[in-house]
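Work through the two exercises below with the sequence and the 3D structure at hand. Each task is followed by a solution in steps.

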Amino acid sequence: QVQLQESGPGLVKPSQTLSLTCTVSSASITSNYYYWNWIRQPPGKGLEWMGAIAYSGSTFFSPSLKNRTSISRDTYKGQFTLQLTSVTPEDTAVYYCARAPGWGAYDYWGQGTQVTVSS
């Protein structure tokens with residue numbers, strides 16, 4: 001059973017950089033042809049796709065966030081990491097990592113982690 005687990009700080013101050021890591025077990029993040037995604041859900045709003053890192057290491061970002069977002073990976077640890085710079089209270093959300101076969105439907109999700117941006 002593939003498992004994903006998000007980890008990172010629950011509270012970040014405005015203007016700082018948010019860093020979240022997703023640890024994957026029972027699957028390789030380099031396996032063809034999976035994409036490893038970051039998705040968030042602000043309070044009272046729908047899901048927002050933020051970006052993804054492909055099995056090849058290529059990265060893709062939402063146009064609305066691409067100037068502030070990066071995704072990297074550690075293939076030995078089976079982890080991929082989201083960094084979001086210059087956060088504001090509008091970045092407060094539950095952040096999820098999820099796997100998808102290519103650009104298909106997500107088949108595995110992490111449980112999500114709450115991140116609050118506040119001074």
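Predicted model: local features only at pLDDT ≥ 70, side-chain atom pairs only at ≥ 80, totals over all residues.

**Exercise 1.** Find which cysteines form a disulfide, and state which parts of the chain the link ties together.

Solution. 
- Step 1. A disulfide requires two cysteine sulfur atoms within 2.5 Å. The sulfur atoms of Cys22 and Cys97 are 2.1 Å apart, so the pair meets this cut-off.
- Step 2. The count by this rule is one disulfide.
- Step 3. Cys22 belongs to strand E3 (residues 18-25) and Cys97 to strand E9, so the link ties together parts 75 residues apart in sequence.
- Step 4. The angle about the S-S bond is 65°, and the link of Cys22 and Cys97 is right-handed.
- Step 5. Buried means under 20% relative accessible area. Cys22 has 0% and therefore counts as buried; Cys97, with 0%, is buried as well.

**Exercise 2.** For strand E11, determine which residues make up the covered face, and in which sense E11 pairs with E2 and with E9.

Solution. 
- Step 1. E11 spans residues 113-117. Thr113, Val115 and Val117 make up its covered face, while Gln114 and Thr116 make up the uncovered one.
- Step 2. With strand E2 (residues 11-12), E11 pairs in the parallel sense over two bridges. Leu11 has Thr116 of E11 as its bridge partner, a residue of the uncovered face.
- Step 3. With strand E9 (residues 93-101), E11 pairs in the antiparallel sense over three bridges. Here Tyr95 has Thr113 of E11 as its bridge partner, and Thr113 is on the covered face.

Technical notes:
Residues numbered from 1 in each chain as written. Heavy atoms only, no water. Buried < 20%, exposed > 50% of the residue type's maximum accessible area, 1.4 Å probe, protein only. Helix = DSSP H or I, 4+ residues; strand = E, 2+ residues; numbered from the N terminus. Pairing = 2+ DSSP bridges.
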